[in-house]
Amino acid sequence: MKIIILAGGMGTRLPDSAKDIPKALVQVHGKTILDRQLELLEKHGLKDVRLSLGFRADQIVAHLKNTGRDRVEYIVEEEPLGTGGAVRFAARDLADDFMVLNGDILADFDFSEILRAHQPGSAMIVGAWREDARDFGLLDIKESRVRAFLEKPAEQKSGYINAGCYILSTKHFGGSAEKAFMVEKDIFPCLAESGELRAFLHDGFWQDVGTEVRLAEVQKESAHLKNDT
């Protein structure tokens, strides 16, 4: 299966750590976020990767060459397309289902198990458990299907959130007329409402590292990442 990594963000919420580099090249315990994602994919035999690039794409391309991964495919957006537009652009020539991975998350996903659970032709989203989901919003899940995307709770509440890993196909973008749009707002809610979005529940390590606060938490607390440098 083709893996698309969304690595084109500007990193505006990382004004210090990503001041002069793209967000994907921010280091966590001596390794870039991108390298950690690629290594985990490779561990599960997933090497057919395409990067969706934009901001400072040249730095990521140079990094791939310097680390011996210059065979990794990449496409470059000429203008920001949002997550939905980026996925549609990166997958425009794909006939089969593909997996998408947000470029600002670290996790110990069991990609092999995720792929075994996937039903060809259907849509799947990975949910990660958070004790406090106020920063993320919640997935309303029943019988392994996402029924709705709930707004961020006003008070602390635990539950599963969008973990930034999902499996889609180009047919799921058929009704998207806009060039730039968000998959979280314009695709997933429609799939959930129609009963087409299945859920895979991940109960292991997961962290969004898209802000300075969350990045600092990972740098400080994730001991297993320190041992993987």
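Here are some numbered notes on this structure, which is a predicted model.

1. Start with the largest pocket, which holds about 1,400 Å³ of space. Its lining is made up of 45 residues, and those nearest the centre are Arg13, Thr83, Asn102, Met182 and Glu184. Several elements give two or more residues to this lining: α3 (82-90), β9 (138-142), β10 (145-150), β11 (159-168), α5 (183-186) and β13 (206-208). Strand β11 has the largest share, with four residues. Sorted by class, the lining of the largest pocket comes out as 18 nonpolar, 14 polar and 13 charged residues.

2. Helix α3 is worth a look next, as it contributes two or more residues to the lining of that pocket. Its buried residues are Thr83, Gly84, Gly85, Ala86, Val87 and Ala90. Thr83 turns up again here, having already been listed among the residues nearest the pocket centre. What lies over the buried residues of α3? The cover includes β1 (2-6), β4 (49-53), β5 (73-76), β6 (98-102), β11 and α5.

3. Now for the rings. There are six aromatic pairs in the structure. In one of them, Tyr166 and Phe188 have ring centres 4.9 Å apart and planes at 85°, so this pair is edge-to-face. Tyr166 belongs to strand β11 and Phe188 to helix α6 (residues 188-193), so the pair ties together parts 22 residues apart in sequence. Both Tyr166 and Phe188 are buried. Ring pairs also bring in Phe149, giving a cluster of Phe149, Tyr166 and Phe188.

4. Another pair is Phe173 with Phe181. Their ring centres are 6.3 Å apart and the planes sit at 55°, so this one is tilted. Is Phe173 buried or exposed? It counts as buried, because its relative accessibility is 5%. Phe181 is buried as well, with a relative accessible area of 6%.

5. A charge over a ring also shows up: Arg92 lies over the face of Phe89, at 4.4 Å from the ring centre.

6. Helix α1 (residues 33-43) is mostly covered, with eight of its eleven residues buried. Those eight are Ile33, Leu34, Asp35, Arg36, Gln37, Leu38, Leu40 and Leu41. Follow the chain just past α1 and you reach Gly45, where phi is positive at about 75°.

7. Two residues other than glycine have a positive phi and deserve a check by eye. One is His29, with phi near 50°; His29 sits in the loop between β2 (27-28) and β3 (31-32). His29 is buried, at 15% relative accessible area. The other is Ser144, whose positive phi is about 65°. Ser144 is in the loop between β9 and β10, and it counts as partly exposed because its relative accessibility is 39%.

8. Finally, have a look at Lys157, which is found in the loop between β10 and β11. Lys157 is partly exposed, with a relative accessible area of 46%. Which residues does Lys157 contact, leaving aside its neighbours within four places in sequence? They are Arg130, Glu131, Asp132, Ala133 and Leu138. Leu51 is another matter: it is 106 residues from Lys157 along the chain, and the C-alpha atoms of the two are separated by 34 Å.

Technical notes
Residues numbered from 1 in each chain as written. Predicted model: local features only at pLDDT ≥ 70, side-chain atom pairs only at ≥ 80, totals over all residues. Heavy atoms only, no water. 1 Å grid on protein atoms, 1.4 Å probe; cavity = no way out; pocket = protein on both sides within 12 Å on 5 of 7 lines; lining within 4 Å. Points joined across faces, edges and corners; volume = space filled by probe spheres on them. Nonpolar A, V, L, I, M, F, W, Y, C, P; charged D, E, K, R; others polar. Phe/Tyr/Trp six-rings, centres within 6.5 Å; stacked < 30°, edge-to-face > 60°. Buried < 20%, exposed > 50% of the residue type's maximum accessible area, 1.4 Å probe, protein only. Lys NZ or Arg CZ within 6 Å of the ring centre and 35° of its normal. Contact = heavy atoms within 4.5 Å.
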